[in-house]
Amino acid sequence: MKRTAIAAILALAFVCCAAMAAFTARSMDRAWGASAVCSADALTSQDLLLLTALRPDLGWTAYRQSAPKQMVSDAMPDRTAKAAVLSFLGAPERIAIFPLVSGRLPQSDERSVCALDSDSAFLLFGSIDPGAVFVRLDGKLMRVVGVIDAQRPLMLIPAEEGSQGGLTGEEQGAKTQVMTFDRLVADGREALLTLQNMLGIEPDPFELSGAEFVRLTRLLCAAPWLAAVAYTVAALSRRGGIWRFAGVTLLFFLSLGALLAVLMSIPVRLLPARWSDLEFYGKQITAFKARPFRAPDVRGALKSDVLRVGLLSAAACIALWMERMWLRCGKSR
């Protein structure tokens, strides 16, 4: 009875971990599935002015994120909060892929407006409804027009007035104060490659879009269930006779399907034209070592989500292995 209870607990742990991994992957698909890729190379407002003049048809958004700064509620000066400031040029929807709780996102042609994360908004105003509230940042009064679910202290604001004005014409561009942006987000990888070629930036083959990250996490989610099916088929093949032949055949097709799923989840640009092309592998390893981690979000949340899915899938596999070993030990007694 005790052995059965422990096996049931381990089986329940397997199901819970696998289900949580699938739920996290589903949440990632909703949040990051449509997000575009981005470049981590430093850009200036003059570069962006050039892009706008040469290719006005390409959609892009540039942004930079500062260290946490102190914010003060204008109505209640005793209420303060610290948040990283994310300033942008372009369409904020390309970078603010976290859910909008209330209100709206600030637009790049607006001045003295911002969006806050829900925790900071509650600290400053005791509410997540922006209404007609104001905050002071470095002594400047800013109206809160939206609240976002950023899962960390964050203020989203349009870039400074001088920078934005430089994107409207050559005369204003001459008066623009040069600003540096951390990343450039495009509508898709092809658009990003075009922009990078125009700026003379070397494209990064390991720069994955949100959809590509989601495909990898789905593969991680499938690993525990694939292991469970493999355990069942292996137990079937141990019966001997026709069951052994059927089990070996199913294991072969299962391994083939898993290999195809892995190859379909990896972007084509990371696969060689010939598997014997050793030079290709050497270039890919060198490029991977020479790059920082890049993700199509502004908070590093995508990296933590992928790690969470991987850990949950690994925990599910461990629980499955322990449950099978426990049952096997129980039968041997």
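**Briefing: a pocket, a helix contact and an aromatic pair**

The lining of the largest pocket is made up, by class, of seven nonpolar, four polar and eight charged residues. This is a predicted model, in which local features need pLDDT of at least 70 and side-chain atom pairs count only at pLDDT 80 or more, while totals for chains, interfaces and linings use all residues. Residues are numbered from 1 along each chain as its sequence is written, and side-chain values use heavy atoms, with hydrogens and water left out.

**The largest pocket**
- The largest pocket holds about 420 Å³ of space, a pocket being an open set of points on a 1 Å grid where a 1.4 Å probe fits, with protein on both sides within 12 Å along at least five of seven lines.
- Its lining (residues with an atom within 4 Å of a point) counts 19 residues, and Val85, Leu137, Ile157, Pro158 and Glu160 lie nearest the centre of the pocket.
- Two or more lining residues come from each of β3 (60–73), β4 (80–90), β8 (140–148) and β9 (154–158), and β3 gives the largest share, four residues.

**Helices α2 and α6**
- Helix α2 (residues 45–54) and helix α6 (residues 189–199) pack at an angle of about 115 degrees, their axes lying 11 Å apart.
- The contact (heavy atoms within 4.5 Å) involves Asp47, Leu51 and Leu54 of α2 together with Leu195, Met198 and Leu199 of α6, and these residues divide into five nonpolar, no polar and one charged.

**Aromatic pairs**
- There are three aromatic pairs, counted where ring centres lie within 6.5 Å.
- Phe14 and Trp225 form an edge-to-face pair (planes over 60 degrees apart), with 5.1 Å centre to centre and 70 degrees between the planes.
- This pair links helix α1 (residues 2–32), which holds Phe14, with helix α7 (residues 210–237), which holds Trp225, 211 residues apart.

How values were computed:
Points joined across faces, edges and corners; volume = space filled by probe spheres on them. Nonpolar A, V, L, I, M, F, W, Y, C, P; charged D, E, K, R; others polar. Axes fitted to C-alpha atoms, helices over the stretch in contact; angles between N-to-C directions. Phe/Tyr/Trp six-rings, centres within 6.5 Å; stacked < 30°, edge-to-face > 60°.
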